[in-house]
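Below are my entries, in the order I looked things up.

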Amino acid sequence: MTVATTYRTCPRSGLQFEHQAETLMKANAFVAVVWLLVGGLLAIGVVLTRWPAVHWLEAETFYMVLTAHGIDMLIFWIIFFEIAVLYFCASTLLRCRIATPKFAWLAFALMLIGSVVNNIAVFRGASSVMMTSYVPMMAEPNFYLGLILFAVGALIACFVFFGTLVVAKREKTYEGSVPLVTFGAITAAIIAVFTIASGAIILIPTWLMSLGVVKEVNPLVYRTIWWAFGHSSQQINVAAHISVWYLVAAIAFGAKPMSERVSRTAFLLYILFLQLASAHHLLADPGLSTGWKVVNTSYFMYFAVLASMLHGLTIPGAMEVAQRQKGFTKGLFEWLRKAPWGNPTFSGVFIALIGFGFLGGISGVMMGTEQLNMIIHNTIYVPGHFHATVVVGTTLTFMALTYYLIPVLFRREMIAPALARWQPYLFGFSMYFFCLVMMGAGTLGVSRRHWDMAFQGAALAYEWPGAAYLMMALVGLGGIVAIAGGAIYIYVTVGSLLWGKKLESGAISAKFTPVGRAAPTVAAQSYGSIGFAAPGTFALAMVFLLSFVLYYFINWKYLSTLWGLS
Amino acid sequence: MSAILPPAERLWYKHPIDRVEGTWIVIALTWCLIMFAMMVGWHIWGNQNLSTETYRTKPELFTAKAQAMVDKHTVRTETDEKTPVVAPPPGSDVYMLARLWSFWPILELEKDKTYRLHLTSMDYNHGFSLQPANINIQIVPGFEHVITVTPNQSGTFSVVCNEFCGIGHHRMVGRIYVK
């Protein structure tokens with residue numbers, strides 16, 4: 001079957017872009033960045049209100065802004081970008097045309113309309129229900145309708161992605177198995193289907209309830225199913241950004257996976273177990289049995305934790321092996337010192353990887369432990385954790401990928417390369433700081449989603465310790481610096497599209513060039529030291545494990561001093 | 001560039017695993033098993049486990065039970081709203097209801113004595129955040145959660161609502177005295 005389309009081979013990267021897929025990727029990535037801009041502006045309101053000395057917005061405005069910030073960042077920015085990544089991993093990496101481009105545009109339109117409808121509902125002011133929108137607190141019907149339209153669009157986009165894989169297979173555009181990065185994207189898309197289905201199951205009745213058609217949605221059932229959507233959507237991010245890490249390791253170093261089997265099995269564990277992690281949001285809830293909580297969050301979730309710990313080793317490990325083959329073999333860390341730290345695509349990914357593991361990963365496992373959850377549930381520790389996973393992990397990774405895509409996909413020379421070089425450091429490290437102080441404040445008990453820690457007007461106010469006020473001031477400070485870092489990203493990205501020098505598009509042909517297998521492995525590995533191919537990475541992994549074990553047991557120690565509960 | 005290319009070997013899954021990876025898999029799996037054992041073990045040997053005793057309830061049913069306790073054991077009232085301070089006997093059932101935007105009533109408990117604390121919400125989701133101890137429990141409307149508590153320190157404890165419940169959320173603070 002031949003379809004009238006053209007394929008462009010990028011002269012800078014050698015990647016081949018199919019015309020329709022390329023336009024779709026650009027559109028989705030662009031809208032994603034617009035949502036990031038909106039969410040970033042809203043973040044100013046959030047941090048300047050939670051900074052006790054500033055306490056900027058009125059309560060009503062604050063809750064509205066916080067609702068919009070959560071939805072625009074966690075859902076709209078990330079999922080639009082992920083759709084672009086999915087199309088890239090299917091169409092570009094497999095060098096095939098995108099399946100049903102008309103449906104892909106329909107998906108794009110539904111997502112765009114849905115996101116705008118939802119935001120209008122939020123900014124009308126009567127839908128300040130936070131991203132979680134727990135019933136029986138109700139938003140305007142359009143709040144739910146917007147989310148439902150968006151979800152349907154995203155679901156269609158996932159099926160376009162699956163269809164593209166079928167096209168590639170049928171038209172034999174590649175040899176053997178799909179590349180690891182595409183494999184990772186497949187796991188992300190499978191998790192996305194589960195996620196979106198859960199969202200539909202719970203948001204449709206809630207929408208009908210807001211219209212008065214359905215009388216009641218059980219609050220506990222809502223929480224259980226909503227989290228199968230709310231948490232799993234973050235697992236799409238994990239699978240997607242880890243795929244991007246492998247992609248960047250391949251691009252920046254020519255690194256090959258240490259073992260296809262280990263990396264792919266780890267992705268497979270995500271499909272099987274990650275969604276169950278959503279149960280940890282219900283650890284402090286009544287009505288669910290201990291067995292259910294333990295089985296889901298421990299027995300099953302630890303398989304997903306195991307998977308993340310594997311990726312955390314194999315990605316830097318692959319970089320190390322590649323660097324050692326280039327001759328950077330001195331000591332444990334010469335490979336890392338001589339890495340391209342001036343390239344924002346690499347530095348962004350590396351800062352994301354370390355932050356995701358140390359800050360997001362360790363805190364996430366602590367929170368997901370049934371008993372330990374009681375000392376952080378609904379405190380500001382929780383946003384501290386997920387800013388480490390979603391902002392440091394996913395957002396920073398996507399930012400890093402954008403720097404690569406500006407010349408390759410958008411065919412523009414990047415403006416202000418010096419700014420771009422510093423941006424991952426500024427944004428990444430200020431987010432590290434922001435997350436740490438937020439977790440510090442949460443450890444002292446400060447609530448999340450709370451307008452005033454001084455409890456203005458309360459009959460029985462509680463006085464937080466001075467340290468909690470200090471931490472929240474630092475949250476404000478770190479947040480502002482991070483927002484500045486985000487602004488630089490928007491400036492460089494949008495500026496490059498507007499004013500960047502146009503780059504040549506490369507040879508255009510009416511036919512795809514099939515993609516062959518990777519070059520065969522060098523048979524004899526030149527081992528680093530003590531018989532390990534990647535000793536430096538292993539040493540880093542040991543530091544990680546040590547921090548993990550210490551932090552985990554410190555929390556148990558604190559828990560043991562509390563009131564007896566049974 | 002092989003993570004973005006199809007694997008070199010057709011039978012890539014037969015490629016031997018490197019020693020770094022093999023060692024790390026064993027270590028990581030062991031650590032996961034230790035964490036699993038911790039969670040289960042704490043149920044057997046630990047003293048801080050969240051109860052799962054839950055009943056369906058309705059606002060009027062729960063209010064009636066709380067009112068009965070208040071009528072019997074009120075020792076004084078506090079604040080402008082004359083919130084009763086209730087000192088029920090150790091070992092008894094004590095009630096605290098969460099509503100827009102207060103916790104009711106104020107409880108007065110004795111140190112190292114055990115009580116069955118009943119929690120529910122009259123309207124939206126609320127949060128029971130006991131400060132400065134920092135114990136946090138979700139309160140879901142329609143469900144009565146019974147938690148056996150044994151305060152181990154005396155002093156004044158605040159109950160901060162930490163689940164967003166509307167415009168007056170920041171005013172919603174309750175109190176528990178421990179003597």
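**Entry 1: confidence**

I noted before anything else that this is a predicted model. I then looked up its overall scores and found ipTM 0.96 and pTM 0.96. For chain B I read an average pLDDT of 94, with 99% of the residues scoring at least 70. I also asked which elements of chain B have the lowest and the highest mean pLDDT. The lowest, 93, belongs to helix α1 (residues 19-45) of chain B, and the highest, 98, to strand β12 (residues 173-178) of chain B.

**Entry 2: a sheet in chain A**

Next I traced an open sheet of three strands in chain A, ordered β2-β1-β3 with antiparallel pairing. Its edges are β2 (16-18) and β3 (508-509) of chain A, each pairing on one side only. I followed strand β1 (residues 7-9) of chain A to β3(A) and found two bridges between them. Tyr7(A) has Ser509(A) in β3(A) as its bridge partner.

**Entry 3: two packed helices**

How do α7 (residues 232-253) and α12 (residues 381-408) of chain A pack? I found their axes 10 Å apart, at an angle of about 40 degrees. That angle makes α7(A) oblique to α12(A), and I noted that the crossing is left-handed.

I then listed who meets whom. From α7(A) the residues include His241(A), Val244(A), Trp245(A) and Val248(A), while those from α12(A) include Val390(A), Gly393(A), Leu401(A) and Tyr404(A). Sorting the residues of this contact gave me eight nonpolar, seven polar and no charged.

**Entry 4: where chain A touches chain B**

How many residues of each chain are in contact with the other? I have 95 residues of chain A against 77 of chain B. Among the elements giving two or more residues to chain A's side are α2 (59-92), α5 (180-210), α7 and α15 (535-559) of chain A. The largest share, twelve residues, comes from α9(A). By kind, chain A's side divides into 58 nonpolar, 26 polar and eleven charged residues.

**Entry 5: strands across the two chains**

Last, I looked for strands that join the chains. I found β4(A) linked by two bridges to strand β10 (residues 143-150) of chain B, and the two run antiparallel. I wrote down one facing pair, in which Gly564(A) stands opposite Thr150(B) in β10(B). I also saw that β4 (564-565) of chain A is itself among the elements that give two or more residues to the side touching chain B.

Note on methods
Residues numbered from 1 in each chain as written. Chains lettered and ligands numbered in written order. Predicted model: local features only at pLDDT ≥ 70, side-chain atom pairs only at ≥ 80, totals over all residues. Axes fitted to C-alpha atoms, helices over the stretch in contact; angles between N-to-C directions. Helix = DSSP H or I, 4+ residues; strand = E, 2+ residues; numbered from the N terminus. Parallel < 35°, antiparallel > 145°, perpendicular 65-115°, else oblique. Left-handed = near helix turned anticlockwise from the far one by under 90°. Contact = placed C-beta atoms within 7 Å. Nonpolar A, V, L, I, M, F, W, Y, C, P; charged D, E, K, R; others polar. Pairing = 2+ DSSP bridges. pLDDT = per-residue confidence, 0-100.
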